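I opened the file to look up a few things: a helix and its cap, some charged pairs, and a sheet. My notes follow.

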Amino acid sequence: MTTDTLDLGPAPRVLFLSDDPALVARQLAGERLTRANAGPLRHDVSTDEITPVAIMSHYDAKLARFPYTGLECGDQLPIAVGAVQQGGFQVTAAGRRYGKGSSREHSPAAERLAGIRLVIAESFERLYRQNADNIGLFTSTDFGLLDRIARGEAIPIDDLVAGREPLAAAILRAGGLLRFGQQHLRGLKPATMTLPSGPMTLYEKIVRRHLLATPVTAAEPVVGQGCFLRADLRFIHEYYTGMAAHMLDATLGPQLRLHEPESIVVFEDHTSYMAESPAHLKAGLVPNMRAMRQVQRDFVARHGLRNHRTLNDDEAAADDGSNVAGISHAMVAEHYALPGQVVVGTDSHTPHSGALGCFAFGVGTTDMANAFATGAVRMTMAPVLRVDLEGTLPAGLTAKDIVLHLLQLPAIRTGGAVGHVFEFTGPVIAGLSIDERATLTNMTAELGGLTGIVAPDSETVRFLKERRGVDVVLEPWMRSDPGATYADVITVECDALSPMVASPGDPGNGVPLDQLHEPVRVDIAYGGSCTAGKREDFDHYHAVLAWGVARGLKVPDHVQLYLQYGTTAVRDYCIEQGYDETFAAAGARILQPSCGACANCGPGSSTDAGQVTVSAINRNFPGRSGPGQVWLASPPTVMASALAGQLCSWEALQRRVAGA
């Protein structure tokens with residue numbers, strides 16, 4: 001590549017990610033396909049498929065061997081370790097919503113290291129595309145480029161960044177964000193606040209209060225324009241710290257002093273049960289995982305950072321209560337985030353804390369490395385979509401049923417809300433607890449959004465006082481103004497909702513449970529994760545299981561039931577309430593606070609393709625929680641299904657037992 005063109009040579013190879021595994025195999029064997037004969041392309045390719053979680057202990061050139069090794073085409077995984085690099089591919093082509101899922105920068109990094117210079121897709125998820133920008137991997141929605149590339153034409157950079165907002169284009173021209181940051185982002189000052197030109201949303205108000213003035217961004221960015229913000233809190237966990245440290249040392253040197261280290265928090269939340277993770281054991285990666293965790297601990301020690309260390313069963317037995325541990329973004333809501341703040345973390349479910357009325361969003365490794373060095377966090381001004389939750393939520397339904405309903409809406413499924421801010425309002429929101437609101441904001445990641453947010457109110461004040469002993473006075477500006485502009489409004493009549501599930505393969509495969517035509521046998525039931533490891537989730541687990549135990553019900557022998565606390569505070573609450581005794585009586589295995597089966601890094605993951613799991617987690621992409629099939633459901637539905645041995649709502653189970 002010169003400074004002005006992307007030159008892939010006279011005969012570049014394009015890898016079409018086809019729905020047909022035979023067509024993928026033919027390309028790996030050396031055949032060159034065209035768009036005309038490549039067949040339908042895979043939609044919704046997730047980062048779990050680009051780089052499966054088991055290989056995330058790698059954060060350097062070793063990643064080159066792994067792109068697309070989890071890609072599911074039909075019922076096959078046609079791309080083996082090392083195949084992309086060996087095939088000499090330089091361009092990838094795919095369908096819509098490419099890069100769904102986690103914030104892992106390992107995905108574009110693996111592509112780039114394997115030789116991919118350009119990814120062409122019908123559309124991209126926000127976080128994947130921003131991560132690609134940050135490391136200099138080009139992305140485009142212009143399939144017309146394929147013919148030009150086939151002719152051996154060097155593509156002008158102007159054509160590759162056509163239609164991109166100016167900041168993204170500038171970062172790509174600079175060769176990535178770290179180089180760009182060193183050129184433009186040192187010693188930044190807050191932007192000068194001017195009087196607003198009209199009514200504003202809460203998101204827009206928070207952005208204005210945290211905007212940084214830079215020589216390369218607009219003084220008052222509008223929707224679609226890039227900008228940089230000052231974050232009140234930056235957090236990272238062990239899957240990303242090694243890569244961030246490697247980047248910073250290689251680019252800026254080990255002598256670097258981090259910007260405001262007191263506002264950085266580090267978590268160990270993915271390695272508690274690595275020795276019981278089938279994916280890590282099968283791949284022989286447990287030593288790599290331990291080394292990855294140690295790199296984070298060394299980084300923490302070098303820079304004097306706050307660190308919440310992991311807690312497994314053995315450590316829990318000896319715990320004196322001094323180690324406060326758990327899933328990073330759940331911990332942030334419990335211990336750190338406040339209304340009106342900006343919170344960024346290297347996890348796509350960082351929007352969890354939006355339930356408190358702050359602007360919380362996920363970033364990739366390079367974004368965080370740049371924020372560590374400069375204090376500036378990159379963001380593109382997003383349109384705001386208002387979700388009005390009207391009516392009354394029927395008894396037995398939860399926020400998880402609401403979000404599974406939203407996910408199956410055609411406009412959401414096809415990517416119509418990608419990059420939006422979801423503002424949740426309405427009488428149902430007013431009646432939801434912070435724990436339930438956090439389920440909605442957390443899963444804006446699956447909805448494709450930048451974040452989710454709920455205006456703080458008396459429930460926010462109560463939560464912060466009860467859970468953290470913090471007295472918060474809400475300021476008058478901490479709400480959206482009447483007449484504020486929204487890109488769209490979705491109204492949900494909650495009275496009409498019923499228990500929802502999402503069938504395997506994608507969180508958008510939602511269907512009312514009572515519309516399933518055949519029984520679905522369950523082998524594994526899992527309650528936990530950031531989405532469903534909160535206090536009120538465990539209230540639901542206990543309510544269903546206590547009801548069942550009182551009637552002589554236990555989990556059938558063919559079902560494995562796992563319950564995993566989201567944080568130590570949730571664990572301690574459940575023990576104080578006596579819930580652990582009920583869980584044991586029902587036949588559940590209790591797991592210590594950690595990210596677990598959701599990301600295939602602990603017990604509760606499937607080990608066989610024939611296994612069926614019902615889970616309260618947020619994602620069921622192919623391979624994410626093991627080789628089996630995962631149905632998503634609410635906490636009450638997961639527990640009722642565990643007792644019934646098949647997919648079943650609590651209401652249906654109650655009717656069945658009453659009629660027995």
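This is a predicted model: local features need pLDDT of at least 70, side-chain atom pairs count only at pLDDT 80 or more; totals for chains, interfaces and linings use all residues.

**Helix H1**

I started at the N-terminal end of H1. Asp20 caps it, with a side-chain oxygen 2.9 Å from the backbone nitrogen of Ala22. Next I asked which residues of helix H1 (residues 21-28) are buried. I found Pro21, Leu23, Val24 and Gln27. They cover an arc of only 160° around the axis, so they sit on the same side of H1. I then looked for what covers them: strand S2 (13-16) and strand S3 (89-94) are included. After H1 comes Gly30, and I read a positive phi there, near 120°.

**Salt bridges**

I got 35 salt bridges for the structure. I picked out several.

Glu31 and Arg26 meet through their side chains at 2.8 Å, N to O. Glu31 is partly exposed, at a relative accessible area of 32%. Arg26 is partly exposed too, at 38%.

Then I checked Arg624 and Asp48. Their closest N and O atoms are 3.0 Å apart, in a salt bridge. Arg624 lies in the loop between strand S25 (612-615) and strand S26 (629-633), and Asp48 in helix H2 (residues 47-50), so the pair ties together parts that are 576 residues apart in sequence. Buried or exposed, I asked, for Arg624 and Asp48? Both are buried.

Glu276 and Arg589 form another salt bridge, at 3.0 Å, N to O. This pair links distant parts of the chain, 313 residues apart. I placed Glu276 in the loop between strand S11 (264-267) and helix H12 (278-282), and Arg589 in strand S24 (residues 588-591). Glu276 is partly exposed, at 35% relative accessibility. Arg589 is partly exposed, with a relative accessible area of 29%.

I also noted a network of salt bridges that links Asp435, Glu459, Arg462, Glu466, Arg467 and Arg535.

**The sheet**

Last, I traced an open sheet of four strands, in the order S18-S17-S16-S19, with parallel pairing. Which strands are at the edges? They are strand S18 (451-453) and strand S19 (488-493), each pairing on one side only. Neighbouring strands are turned by 20° against each other on average, direction ignored.

I followed strand S16 (residues 384-390) along S19 and counted six bridges, in the parallel sense. Val387 stands opposite Ile490 in S19. Helix H17 (residues 399-407) packs on the sheet and touches S16, strand S17 (421-425) and S19. The direction of H17 makes about 130° with that of S19.

Notes: Residues are numbered from 1 along each chain as its sequence is written. Side-chain values use heavy atoms; hydrogens and water are left out. Two strands pair if DSSP finds at least two bridges between them. Helices (H or I, at least four residues) and strands (E, at least two) are DSSP runs, numbered from the N terminus. Axes are lines fitted to C-alpha atoms, for helices over the stretch in contact, and angles run from 0 to 180 degrees between N-to-C directions. Contact means heavy atoms within 4.5 Å. Buried means under 20% relative accessible area, exposed over 50%, partly exposed in between (1.4 Å probe, protein chains only). The arc is that of the directions from the helix axis to the C-beta atoms. A polar contact is a pair of N or O atoms within 3.5 Å; within protein, one must be able to donate a hydrogen and the other to accept it, and residues adjacent in sequence count only if both atoms are side-chain atoms. A salt bridge is a side-chain nitrogen of Lys or Arg within 4 Å of a carboxyl oxygen of Asp or Glu.
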